[in-house]
Every structure is written in C-alpha cells, then in structure tokens.
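Trainee: Could you walk me through one part of this protein up close? I would like to look at a sheet and what surrounds it.

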Amino acid sequence: MNQDRIMVLLRRVVDGFKAFSLGQKIVVVAGVLVAGIGIWAYFTFFAATTNYSPLFTNLAAKDASAIVDELTTAGTPYELADSGTTVMVPTDQLYDLRLKMASAGLPSSEDTGYALLDQQGVTTSEFMQQVTYQRALEGELTKTIKSIDGVTAATVHLAIPTKDVFSDDSSKPTASVMVATSGGKKLSSDQVQTVVHLVASAVEGMDPDNVTVAGSDGTVLAAPGQGDSGSTSTRQQETAAYEQRLSSSLQSLLTQVVGPNHAVVKVTADLDFDTSETKSQTYTKSDAPALSESTTDETYTGTGAGAAGANGGVLGQTNGTTSGATGTGTTTDGNGTYSQQKAVRDNAVNSVIETRKNAPGQVRKLGVAVLIDENTAAGADLAQIRELAASAVSLNTTRGDTLAVNSMKFNTSTADAAQQELATQQADAGKAEQLTLIKQGAAALAVVVLLLVTWFASRRRRKRNRVLQAAEMQRLDEIKVELERTRAVALEAAEEKSRLESASELTAIGGGLSGDSDGGAQERKLKEIEALVDEQPDEVARLLRGWLATKGA
C-alpha cells in the first residue's frame, strides 16, 4: 500500500513537472540544484567537522606527553592548544577519556598539595616531614591561586624558617608567587591583593608585606615595602585614574559652557603613596584637687643669735632676709628666733596623646591646563572659566597647585578627515544595507514568482484536468451509446442466427442428398459465425453495423 502511494505521488510530481513551461522547469531545476549544493556543503564543511573540547588545561610537559601517548595508542584524534599545555579531544568522547586518563593515573602532576602527606611512611624523618608539609602547602596555594579568574598558571615558593625554642629572635616566613594570565591580560590591583592575603593567611606568622607577587612577563606586582600602595604600575594606574576623573569632571563642565569639542583639559597630579604616622601629646590645666600635698615647718629659738646673725652669722646676710621681712616662708628677729614653712603640692594635669596615620594617595601637587578654541573663546569669559576650573579641581595654591587657561585656534583637519571618513563609512554601510535589502527583496520576489508560477501551473493543470474529465465523460457517454448499439446489433445477430437455423432445418427436411451436403456446409458456417461472435463480439458488431449502414444506404 505504501509503495502504491509513493508511486502515485511520484506520478503526480512527474505529471506536474511535465505540465510546467520551459521557464518553470528551468526555475525548478535550478532551485533543486541550489538546495542540493547547500545540503552537500553543510554536510561537507559543517556536519562533518568534529567539535573539540579541552580534556585538560595547564598541563606540565611530562603530563601532556603521557596523555598524548595514551591518545595515540588508543587511536583517538586530538589537538594541542596554549603552547601544548592544553589537550583538545572530540566533545562526544570528553568524559569517557577523562575517566580513562584518571584510571591511568594521568595527569600525575595533579598528585600535589595535601595528597603528598599520604605518601609519608612511619620512618620519615622530621626534616622530610617539614619539607613535605611545605611542598603540600605550596601545592594547595598554587591550586587556589589558579582558580582566580584570569590566572592560567601559578607557582608558589615559601621560605619558612625553622623554629628554635632557645632563641628569642625568630625571622618571619616569606613567600614569592609567580602568576601567568591568559590572552595578555593583567591582574587588577584587587586581584594582586587577593593573592597576597591568601598566601599570608595560609602560612602561620606571615606578614602580607613579606609576600612578593610577579607576573610571567617579569613585572613586579607586589613586593615588600610597598604596603597597600601596590607596585609601581599600580601607582601609575591609580594616578592616571585620579587624573582622568578630574579631567572628565572639568571637561563635562566646560562642554556645557563652550560646547563639545571646543575645550581640552589636561590634569597632572603628583600623589604621595608614602605611609606616614604622626604622634602629638598636649597638656592642659586641670581644676581637680591636688593629687598629693606636703607641708614642712622649721622653728629655731636662741639668745644672742640675733647679734651674730646681724654681724654676718649663718642666718644673717647669707639668706638675704632681714628682721621683720617675709621671704619664702622664713622669718627671723633680733633675739635669734627662726621659723620656715614649706608646702609641696602635686596638681593633676590633663594629657592628650594623638596618633595620626596618613593613608597613601594624598595629593602633593596638582597642575591643570585648560585650552579653549579661539573661535568660541570670544563669547566666553576666561576669568569665569578659570574660577570654575579652580573650584572643580579643588585648587590649593598653598601646596603649589597651578592652573592655566588659554585660548588658541584648534586644528580641526584630523577631526574633519575623521568626520568625512565616518560619513563615507556610513554611506558605504547604507549602500551595503540597501544592497542587502535588494538581495532579500529579489530573493523574496523570486520566491513569490515561483509560487505564482506554481499556482498558475496548478490552475492550468486543474483546468486541463477538468477539460479532460469532460472529454472523458463525453467519451464514456459515446462508449455507452456504442455498447447499446452493439447490444442491439448482437440481438439482431441472434435473431438472424435463429432465423437461419430455422431455415436450415426446413432445408434439411425438404432437401435430398445434395441438400444434406449444403445444409452441413451452412451449419458449419453458422458454427463459425457463433464462434466468431463469442470470440470477437466487437468486431462482429462493427461488421454488422457496417452491413446495416450499407443496407440503409
């Protein structure tokens, strides 16, 4: 049944194609050829292309060689990338190959980190235990740093001093980290600080200032003594970012005044990345009671001592006092009487100790240059622009900041050329877009024409089928009439046959010997006529119609 339907469908397609005109046949054949070529190209260049995915990345040379040998032995196709550190395999075999490599113990270099501690035996010395622990710690830090976005490889070296219980002086551990990035990218300042603090936090007693981070290109990203300010490149980046921020702020302000592309701003900043600490102590008077107080009284009485004292004795002119005078709590008289009082008070004093630590990045000096197009400077007040610029950048003349505002004629040849080139590119893009639209319209028109041609051909075929059906119906009617005539002629032939049979019987009854012989011949003829009527009724009917027509004429 299915084969019959397929044959009927093919027959209809062939009939429909035969009904097309020559132009329609050419269009259909061309469309089939284009579709065939497209399908062939797809399966040749796209479907037949094998997609590869990374099996392992950041491999050591030894592991990469071992994995390639395993793949070659198994007959598995592969590709190398990233200078041989990445092995690519077909995507549909990725997970199976990873399991096979794991069963083969590859990559072996992955057996690092704390897994090294599992390989220690009972007889391992203390020195080997310390070295193995240090290697394990380096491996774990390497894995952690490689998980940072942008880092493709990392190497960590630790210098952990041996602890001595009999020495008070112990040096702190240090670390050095080498990182490699992909695609020539550089680690940001935050990422560098992340590496520094990860390493410092993983090693006991390590100070972040004792961690050195370097890039694979030899650039020092962080080193001891740089503190939080980072490397030289980081300082330059922060300075450039600060200058760009001030320039953008001032540029946007001037754009509102003189319009776009009529003012240029250049800011040069000198930032202080040194860390400084200032301590100050001040004393203030306190109204609180004295903290401590002591009083001493001395009294002396004697006869004749006054004259001696007056003549230059011990208590005479040496203490500079005279009888009846008051000094520092000492009194004497002419009779040799002496008294002295002494009081000592310790008053409370308020003391304030202030410690200030200046963060790096303070502005030492700032230089600002503003250049305005001469064509627009005529309508602008340079004094006001100077005042606005000084306020926008927080100009401080006491620290040596400078501001220069001038007007000059701008050279717009480059801008004009760029504008012209941009206009040309836009025109070319417009033409290309128009050409694309024309192509799409032509393709759509071709499709519409093809659909119209197909519709007209189908309509013509249906009309032709209706005409053929009408002709076939007419032919069937004619055949029906012809059959009716044939049936009538056959009836007449049967009647004629009966009549001839009756006549032959009469002849046989009344005839003699000669008559018998004629009757036998006639009977044979009748049998031949009967056989002819049975075998070829159409021919007999046509012959009889011819006889009747001749008889009627």
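Mentor: Happy to! Two strands pair if DSSP finds at least two bridges between them, and the strands themselves (E, at least two residues), like the helices (H or I, at least four residues), are DSSP runs numbered from the N terminus. Please keep in mind that this is a predicted model: local features need pLDDT of at least 70, side-chain atom pairs count only at pLDDT 80 or more, and totals for chains, interfaces and linings use all residues. Residues are numbered from 1 along each chain as its sequence is written, and side-chain values use heavy atoms, with hydrogens and water left out.

Now to the sheet. Its 3 strands run in the order β8-β14-β15, forming an open sheet with mixed pairing. At the edges stand β8 (263–272) and β15 (402–408); each has a single partner strand, so one side of each lacks a neighbour in the sheet. On average, neighbouring strands here are turned by 10° against each other, direction ignored; axes are lines fitted to C-alpha atoms, for helices over the stretch in contact, and angles run from 0 to 180 degrees between N-to-C directions.

As a reminder, strands of a sheet pair through backbone hydrogen bonds, either parallel or antiparallel. Strand β14 (residues 362–373) pairs with β15 in the parallel sense, over 7 bridges.

Among the contacts in the chain with a separation of 6 or more, 66% join residues 24 or more positions apart. Of the 553 residues in the chain, 21% are buried; buried means under 20% relative accessible area, exposed over 50%, and partly exposed in between (1.4 Å probe, protein chains only). The chain exposes about 38,700 Å², with carbon and sulfur atoms supplying 55% of that area; accessible areas come from the Shrake-Rupley method with a 1.4 Å probe, and for residues only the protein chains shown count as cover.

Key:
Contact = heavy atoms within 4.5 Å.
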